[in-house]
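Please open the structure in the viewer and follow the stops below in order.

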Amino acid sequence: MSGIFDDFRREFNKTDNTLVRLILINTVVFLSLLVVKVIFTLGQSSEAYVWLVDMLRLPASPREFLYKPWTLITYFFTHEEIFHILFNMLFLYWFGRLVDEYLGSKRLIALYMLGGIAGGLAYMGIYNLLPYFQSQVAGSQMLGASAAAFSVAVGASTLLPNYTFNLIFLGPIRIKYIAFFYIVLSLAQSIGPNAGGNLAHLGGAITGYMFIKLLQNGTDLGRPLYIIMEVWTRMFRKRPPMRVTHRQKEVHRSSTLYSATTTSSPIEIPDQDEIDAILDKISKSGYESLTKEEKQKLFKASQQK
């Protein structure tokens with residue numbers, strides 16, 4: 001067992017591994033709740049487990065939400081059923097790796113977080129505003145990463161609509177059709193037994209679409225999140241040990257060296273020759289053959305156009 005935990009910790013600590021970190025956080029929360037459920041059930045304290053999960057679920061009732069506002073975040077990292085988390089994490093992985101490769105890890109996190117928040121707000125808003133759902137508000141709660149995963153999926157489909165996945169029994173399918181199918185499915189089930197979850201899917205899908213469209217026009221909805229992430233990173237970043245020296249010249253060199261090694265240069269806007277070379281590579285070998293830098297250059301060029 002210790003080997004498994006060591007693998008988890010090693011994967012989580014890798015740099016440029018944001019997608020795996022999101023999946024690991026969801027997995028660790030699921031496994032922790034599973035262990036707690038078994039222990040509390042065997043100890044005949046199932047009420048304590050129900051209370052714990054209620055502290056993580058998002059309620060439809062605004063009055064109840066005021067007492068636990070953190071659930072707007074915790075609900076999309078929480079699962080109870082194994083097939084629920086399995087489907088959501090596979091969905092997140094398939095589409096999330098495209099967002100990560102073409103737009104970078106920060107925008108993947110922004111799509112996930114904003115999609116989850118928007119899905120939760122859509123669920124609460126519709127349940128309280130439409131008479132059809134108002135009778136269900138008092139006892140309705142929601143959990144699961146579906147809305148966040150839908151945001152990532154629709155975001156990837158908006159960015160790369162003609163990218164294809166090879167599906168079993170169906171062959172190559174463009175991801176825009178996969179996303180469209182699940183949007184229609186969620187819309188059809190928005191008046192079913194899991195209406196709240198499917199309404200949240202639609203909220204996440206709209207967020208993913210708007211995020212990419214605005215980004216292509218130069219507006220990044222994730223900027224407030226990037227600031228929070230940067231502050232959070234600085235708080236927990238290990239500072240290098242202070243070096244004392246008697247020569248001012250050496251201090252200056254040390255400072256310059258540190259600055260040069262910690263500042264990452266942004267991806268430059270490619271010229272037409274570079275774009276032509278990338279497009280030729282795509283025509284010969286497909287999107288999968290591009291490096292991460294080439295994909296980001298291609299996106300930069302599309303923004304300029």
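Is R57 buried or exposed? R57 is buried, at a relative accessible area of 17%; buried means under 20%, exposed over 50%, and partly exposed in between, with a 1.4 Å probe and protein chains only. This is a predicted model, in which local features need pLDDT of at least 70 and side-chain atom pairs count only at pLDDT 80 or more, while totals for chains, interfaces and linings use all residues. Residues are numbered from 1 along each chain as its sequence is written, and side-chain values use heavy atoms, leaving out hydrogens and water.

Next, select E80 together with R57. The two form a salt bridge, with the closest N and O atoms 2.9 Å apart (a side-chain nitrogen of Lys or Arg within 4 Å of a carboxyl oxygen of Asp or Glu). E80 is partly exposed, with a relative accessible area of 24%.

Now select D220 and R107. Their side chains meet in a salt bridge at 3.1 Å, N to O. The pair links distant parts of the chain, 113 residues apart, with R107 in helix α7 (helices are DSSP runs of H or I, at least four residues, and are numbered from the N terminus). D220 is buried, with a relative accessible area of 9%, whereas R107 is partly exposed at 22%.

Finally, show α6 (residues 82-103) beside α7 (residues 105-129). Their axes, lines fitted to C-alpha atoms over the stretch in contact, come within 7 Å and cross at roughly 135°, on a scale from 0 to 180 degrees between N-to-C directions. Residues in contact (heavy atoms within 4.5 Å) include L92 and G96 in α6, and R107 and L108 in α7.

Terms used: Helix = DSSP H or I, 4+ residues; strand = E, 2+ residues; numbered from the N terminus.
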